[in-house]
Amino acid sequence: MSITKQAKKQVVSEVKEDLQNAQSAIVTDYRGLNVDEITQLRRALRAENVKYVVVKNTLASIAAHELGYEALDTYLEGPTAIAYGFEDAVAPAKVLSKFAKENDRLEIKGGLLEGNLIDPARIKALADLPSREVLLGQVAGAFAAPMTGFAGAAQAMLRKFVGTLDAVREQRAANEG
C-alpha cells in the first residue's frame with residue numbers, strides 16, 4: 001500500500017523538523033523485534049522524553065539532504081526507526097544501548113549528535129557517560145576541593161599560631177611567677 005505524494009511530503013517535513021530540533025537522532029534497525037519488545041522499547045524511550053519513529057529510508061534521506069546531513073544515508077538501509085532526543089542528547093543513546101544489551105536483535109546503526117554524524121562506537125561512549133546531574137556534581141566538587149583544602153590549611157595555621165601564643169603566654173606566666 002503506497003502513500004500519497006502529499007502524505008510523503010508531510011512525513012519528510014516531520015522528519016526534517018525532528019532532525020533540525022533534536023539534540024541527537026539515533027538510527028536503529030528493529031528487525032526481529034516482536035510487538036512486546038518494541039512496546040517495551042517505546043515505553044522506555046517515552047519515559048526519557050525520547051521520540052521513536054519508524055520511517056521509510058527514502059523519506060528520511062530526502063529530509064536529511066534538505067538539512068545538509070547527506071552522510072546520514074550511510075545508516076538508512078533496512079528497517080529503520082529513529083530515536084530523537086530533544087531535551088537530553090544522551091538519553092536516546094542510554095536507553096537504546098541498555099535495550100540492545102538485553103536484546104541483541106536491536107541494531108544501533110549510527111546517527112547525529114548536534115548535527116554531526118556519529119557511529120555506533122561513539123553512541124556507546126555517549127551512553128556510558130554519567131548523567132548530567134552527576135557531571136555537574138563532579139564539576140562542583142572539583143571547584144570546591146581547592147577551596148576546601150585552602151580553608152583547612154588556613155585553619156591549621158591559625159590553630160598552630162594560637163597554640164604558639166598560648167605556649168608563650170604560659171611560659172611568661174611561669175617565668176613571672
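Which residue of strand 4 is the bridge partner of Val 27? In this predicted model, the partner in strand 4 is Gly 110. Val 27 also has a bridge partner in strand 3, namely Ile 82. Strand 1 (residues 24-29) runs antiparallel to strand 3 (residues 81-85), to which it is joined by five bridges. Six bridges join strand 1 to strand 4 (residues 107-113), and this pair is antiparallel as well.

Strand 1 is mostly covered, with six of its six residues buried. In a regular strand the side chains alternate between the two faces of the sheet. Here both faces are covered: Ser 24, Ile 26 and Thr 28 are buried on one side, and Ala 25, Val 27 and Asp 29 on the other.

Turning to charged contacts, the structure holds five salt bridges. One of them pairs Asp 18 with Lys 51, with 2.7 Å between the closest N and O atoms. This pair links distant parts of the chain, as Asp 18 belongs to helix 1 (residues 5-21) and Lys 51 to strand 2 (residues 50-54), 33 residues apart. Asp 18 counts as buried because its relative accessible area is 10%, whereas Lys 51, at 33%, is partly exposed.

Glu 37 and Arg 105 form another salt bridge, at 2.4 Å from N to O. Glu 37 lies in helix 2 (residues 35-47) and Arg 105 in the loop between helix 4 (91-102) and strand 4, 68 residues apart. Glu 37 is buried, at 14% relative accessible area, while Arg 105 is partly exposed, at 38%.

Finally, Leu 158, Phe 161, Val 162 and Leu 165 make a nonpolar surface patch of about 390 Å². Leu 165, in helix 6 (residues 132-176), is partly exposed, with a relative accessible area of 46%.

Key:
Residues are numbered from 1 along each chain as its sequence is written. This is a predicted model: local features need pLDDT of at least 70, side-chain atom pairs count only at pLDDT 80 or more; totals for chains, interfaces and linings use all residues. Side-chain values use heavy atoms; hydrogens and water are left out. Buried means under 20% relative accessible area, exposed over 50%, partly exposed in between (1.4 Å probe, protein chains only). Helices (H or I, at least four residues) and strands (E, at least two) are DSSP runs, numbered from the N terminus. Two strands pair if DSSP finds at least two bridges between them. Patches are made of residues with over 30% relative accessible area and no salt bridge: like charges are joined within 9 Å, nonpolar side chains (Val, Leu, Ile, Met, Phe, Trp, Tyr) within 5 Å. Accessible areas come from the Shrake-Rupley method with a 1.4 Å probe; for residues, only the protein chains shown count as cover. A salt bridge is a side-chain nitrogen of Lys or Arg within 4 Å of a carboxyl oxygen of Asp or Glu.
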